[in-house]
Amino acid sequence: MPKVSVVIPIYGVEKYIERCARSLFEQSLDDIEFVFMDDCSPDKSVIILKRVIEEYTQRLQEKHHHIKIETMGKNSGQAVVRHYAMQFCTGEYVIHCDSDDWVEETTYEAMYNKAKETDADVVVCDYVMTDAESMRSRIKGCHAIDINGFIESCLYQKDSWAVWNKMFKREAYKNIVYPVGAMGEDLVMTLQLLLNSKKLACTNAVYYYFINTDSITRKRTVEGCLKRYRQMYDNSQIVYDVVRDHKLTSEMSEALLSLRHHVANLLLPLVWKHQYRKEWLSLYSGVKMQFLFSRKIKIEYKIKFLLTLLGVYPRKCFRILS
């Protein structure tokens, strides 16, 4: 059984897949299984990947690195791809890597060793936000000491809920309800994986998250705002359904208010229109005062909420709040 399975979705990344693949094949940890999932990519991503694999043939054999390239029957999106990929994972631990990102060469070894040393079900590493030319910031991956604290921290967005800096035991993936869209998909997975885990560990190893300033997802359009909002709303409903079956601490229940606010914030660029303001208000039905008096929700969130509730928030500022 491989020590770690790494899942890498591929779609439209011909500019970046070589950088990602090289960082993976240079990993110092031996006995890794790389599961590349081709989501019917329309470009040369897979061709480039296979060229890099051929170049690394000897090293892959020496390090006992195993490679699988699986192709989806149709373009399905990252959430579905990650779900489908799990049937091909045989490692003791599983982690995900986005194909436009890259990993420091000792990261997976540090995470795996930390897991074995501490008998952890999940290990979280630090990450760097970068445009590939300059390091924007290095961010500590975990500010909690246990699973419940980390769930709360993720819901408050004090820690990232991304799956790419979290190595879980493969058993944690049992009975997972997978997300329905891209926005918030990592939260849906991470929350359930954490609920299926018992022990948390952290390491200062590094994952590099690429900030693509040309990404179409950064363009602010009505259609884009609505799409992100609808996807996040649907995935947040999965989160609420999942946590309903667990006994939550009062702190975690309060943290769910922060998630509700995060969903609502995606509508702020449009809230000056009557139909969207009405929908925005409905998200806070029954919890308006509870949100305002919450102890841990940031004061700037409360101010934005209160001003928008009163209908006096400057219209020109909505565009920067989604």
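Does Val103 count as buried or exposed, and at what relative accessibility? In this predicted model, Val103 has a relative accessibility of 3%, so this residue counts as buried, the cut-off for that word being under 20%.

## The chain as a whole

The chain holds 12 helices and nine strands. Its radius of gyration is 20 Å, close to the 20 Å that the globule rule gives for 322 residues, and the chain is therefore as compact as a globular protein of that length. Taken along the principal axes, the box that the C-alpha atoms fill is roughly 65 × 40 × 35 Å.

Of the 322 residues, 52% count as buried, while the chain exposes about 15500 Å², with carbon and sulfur atoms supplying 50% of that area.

## Val103 in strand S5

Val103 belongs to strand S5, which covers residues 102-103. Leaving out residues up to four places away in sequence, Val103 touches Ser23, Leu24, Gln27, Cys97, Tyr108, Val206 and Tyr207. Phe25 lies 78 residues from Val103 along the chain, and the C-alpha atoms of the two are separated by 9.9 Å.

## Met111 in helix H5

Helix H5, made of residues 107-118, is where Met111 is placed. The relative accessibility of Met111 is 0%, and because this is under 20%, Met111 counts as buried. Apart from residues up to four places away in sequence, Met111 touches Ile95, Val123, Val124, Cys125, Asn165, Lys166, Met167 and Thr203.

## Lys302 in helix H12

Lys302 is found in helix H12, which runs over residues 299-310. Why does Lys302 count as buried? Its relative accessibility is 13%, and the limit for being buried is under 20%, so Lys302 falls on the buried side of that limit.

A polar atom of the Lys302 side chain lies 2.4 Å from the backbone oxygen of Ser294. Ser294 is also one of the residues in contact with Lys302 when neighbours within four places in sequence are set aside, and the others in that list are Phe291, Leu292, Phe293 and Ile297.

Note on methods:
Residues numbered from 1 in each chain as written. Predicted model: local features only at pLDDT ≥ 70, side-chain atom pairs only at ≥ 80, totals over all residues. Heavy atoms only, no water. Helix = DSSP H or I, 4+ residues; strand = E, 2+ residues; numbered from the N terminus. Rg over C-alpha atoms; globule rule 2.2 N^0.38 Å. Buried < 20%, exposed > 50% of the residue type's maximum accessible area, 1.4 Å probe, protein only. Areas by Shrake-Rupley, 256 points an atom, 1.4 Å probe, with all protein chains shown as cover. Polar contact = N/O pair within 3.5 Å; in protein donor to acceptor, adjacent residues only side chain to side chain. Contact = heavy atoms within 4.5 Å.
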